[in-house]
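I opened my notebook beside the structure and took it piece by piece. Here is what I looked up.

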Amino acid sequence: MAEGDPGRKLSPSDSREAALAFISTLGADARLPAAADLPDAHSALVRAILSSTVVSASPDPRVSCTITVSPAVTNSYNTLHGGAVAAVAEAVGMACARAAAGDKEMFLGELSTAYLAAARLHCCSLLMLNLDVIYQ
């Protein structure tokens, strides 16, 4: 088989080099900015893409919000990273839970997501949440 042929079996060292090269192209070896070491860096990142002024509640237990896909929360395909979707869902869900139950100690017990389509860079996406708040 020719060099670079997808069907060619790589040696362990070639396989390791290929994997490291792939991981490097994803930016895994890039240094994070100093702001990433601040205590609230994760919360600040989520707040930067989500504006509380666009969160609206309906009579159903549903919240919809609009987020803007910025380069900070995209994957290698220039679409919204799935982890960013989960982080926004968690932040909005916890805010709604605190609004319903008051400022009590609580945690997110379960989160599941369903993706309908990719959200492209610099585009606005509508995020729909169905929330079940259980408290005593």
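**Entry 1: a pocket and its lining**

I sorted the lining of the second largest pocket by residue class and got eight nonpolar, six polar and no charged residues. I noted that this is a predicted model. Then I looked up the space in the second largest pocket: about 290 Å³. The lining has 14 residues, and the closest to the pocket centre are Ala72, Val73, Thr74, His81 and Ala84.

Which helices supply at least two residues each to this lining? I found helix 2 (41–49) and helix 3 (82–101).

**Entry 2: the two helices**

I turned to how these helices meet. The axes of helix 2 and helix 3 come within 10 Å of each other and cross at roughly 90°. Angles of 65 to 115 degrees count as roughly perpendicular, so helix 2 is roughly perpendicular to helix 3. On the helix 2 side, I listed His42, Val46 and Ile49 in the contact. On the helix 3 side, I listed Ala87, Val88 and Ala91. By class, this contact holds five nonpolar residues, one polar residue and no charged ones.

**Entry 3: threonine 79**

I picked out threonine 79 next. Threonine 79 sits in the loop that runs between strand 2 (62–68) and helix 3. Is threonine 79 buried or exposed? Its relative accessibility is 7%. Buried means under 20%, so threonine 79 counts as buried.

I then looked for its contacts, skipping neighbours within four places in sequence. Threonine 79 touches Val73, Thr74, Ala118, Ala119 and Arg120. Val73 and Thr74 were on my pocket list too, among the residues closest to the centre of the second largest pocket.

**Entry 4: alanine 97**

I went back to helix 3, where alanine 97 is found. Alanine 97 has a relative accessible area of 10%, so I marked alanine 97 as buried. How far apart are the C-alpha atoms of alanine 97 and leucine 108? I read off 9.5 Å. Along the chain, these two residues are 11 residues apart.

**Entry 5: the whole chain**

Last, I stepped back. The protein chain has three helices and three strands. From the N terminus on, I wrote the order as α-α-β-β-α-β. The chain has 136 residues, and 19% of them are buried. I also looked at contacts between residues at least 6 apart in sequence. Of these, 65% join residues at least 24 apart.

Note on methods
Residues are numbered from 1 along each chain as its sequence is written. This is a predicted model: local features need pLDDT of at least 70, side-chain atom pairs count only at pLDDT 80 or more; totals for chains, interfaces and linings use all residues. Side-chain values use heavy atoms; hydrogens and water are left out. On a 1 Å grid over the protein atoms alone, a cavity is a set of points where a 1.4 Å probe fits but cannot get out, and a pocket is an open set with protein on both sides within 12 Å along at least five of seven lines; lining residues have an atom within 4 Å of a point. Grid points are joined across faces, edges and corners, and a volume is the space filled by probe spheres set on the points. Helices (H or I, at least four residues) and strands (E, at least two) are DSSP runs, numbered from the N terminus. Ala, Val, Leu, Ile, Met, Phe, Trp, Tyr, Cys and Pro count as nonpolar, Asp, Glu, Lys and Arg as charged, and the others, Gly among them, as polar. Axes are lines fitted to C-alpha atoms, for helices over the stretch in contact, and angles run from 0 to 180 degrees between N-to-C directions. Angles under 35 degrees count as roughly parallel, over 145 as roughly antiparallel, 65 to 115 as roughly perpendicular and the rest as oblique. Contact means heavy atoms within 4.5 Å. Buried means under 20% relative accessible area, exposed over 50%, partly exposed in between (1.4 Å probe, protein chains only).
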